[in-house]
Amino acid sequence: MWYLFLRNWLILWFLSFFFFSCGYQFQERPSYFKPEWQTIYIAPWKNFTSETALGEMLAYELRHKLAQGKFLMPVYDEARADLILKGEVTRVYLVPVAYETFIQTKERKIEFEGKYKLIEKREGKVILESSVSRYEIYRVPVEATNVMDPGREEALKILAKDLADLILQDIVFKELEVK
């Protein structure tokens with residue numbers, strides 16, 4: 001029985017040697033983050049388009065993703081935050097559904113443009129400013145119910161999740177020099 005214990009240790013040792021020799025590392029915080037930055041306030045995105053709920057959906061998904069990452073904890077009070085993430089939806093366009101296939105919608109095409117800023121609250125300095133542009137085709141469930149615009153809400157929810165992933169990747173993997 002002792003050989004099973006030894007075998008498990010050898011496998012664990014080999015896998016850790018393999019991962020770390022390839023340059024893999026467990027990154028908890030972006031390299032440019034200061035140690036005193038622990039909390040972030042994510043404001044609902046400004047949105048003057050016809051898709052008014054998208055700004056709140058996007059803020060919700062960003063809060064959810066950042067809470068999973070555990071290197072910044074989202075707070076709901078701007079006064080208690082070290083960083084502030086503000087964004088603006090500048091354009092959302094959902095390609096209209098053709099009348100003949102109205103009930104049989106299987107995909108929705110969305111074009112999105114927006115911009116965001118990561119701001120240090122104490123100094124008011126903009127740490128990261130970027131824009132995001134996306135054109136996607138989303139598969140949505142076919143519903144034969146009597147809805148006005150089938151697949152619209154589902155596609156917007158999927159878009160918000162995708163954009164939250166992209167923005168979080170941009171924040172985490174951006175190589176910046178903060179002074």
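Which element gives the most residues to the lining of the largest pocket? In this predicted model, the answer is β5, with four residues.

**The largest pocket**
- The largest pocket holds about 210 Å³ of space.
- β4, β5 and β6 (residues 125-139) are the elements that each give two or more residues to its lining.
- Among the lining residues are Lys 86, Gly 87 and Glu 88, along with Lys 115, Tyr 116, Lys 117 and Ile 119.
- By type, the lining has six charged, four nonpolar and two polar residues.

**Helix α2**
- Helix α2 covers residues 54-69, and its 16 residues should span 22 Å at 1.5 Å a residue; the end C-alpha atoms lie 23 Å apart, so the two values agree.
- Buried residues of α2 include Leu 54, Leu 58, Leu 62 and Leu 66, and also the charged-type names Glu 61 and Arg 63.
- Those buried residues are covered by elements including β1 (39-42), β2 (46-47), β3 (73-75) and α3 (152-173).

**Helix α3**
- Among the buried residues of α3 are Leu 156, Leu 159, Ala 160, Leu 163, Ile 167 and Ile 171.
- An α-helix has 3.6 residues a turn, so residues three or four places apart point the same way.
- The cover over the buried residues of α3 includes α2, β4, β5 and β6.

How values were computed: Residues are numbered from 1 along each chain as its sequence is written. This is a predicted model: local features need pLDDT of at least 70, side-chain atom pairs count only at pLDDT 80 or more; totals for chains, interfaces and linings use all residues. Side-chain values use heavy atoms; hydrogens and water are left out. The expected span of a helix is 1.5 Å times one less than its number of residues. Buried means under 20% relative accessible area, exposed over 50%, partly exposed in between (1.4 Å probe, protein chains only). Contact means heavy atoms within 4.5 Å. On a 1 Å grid over the protein atoms alone, a cavity is a set of points where a 1.4 Å probe fits but cannot get out, and a pocket is an open set with protein on both sides within 12 Å along at least five of seven lines; lining residues have an atom within 4 Å of a point. Grid points are joined across faces, edges and corners, and a volume is the space filled by probe spheres set on the points.
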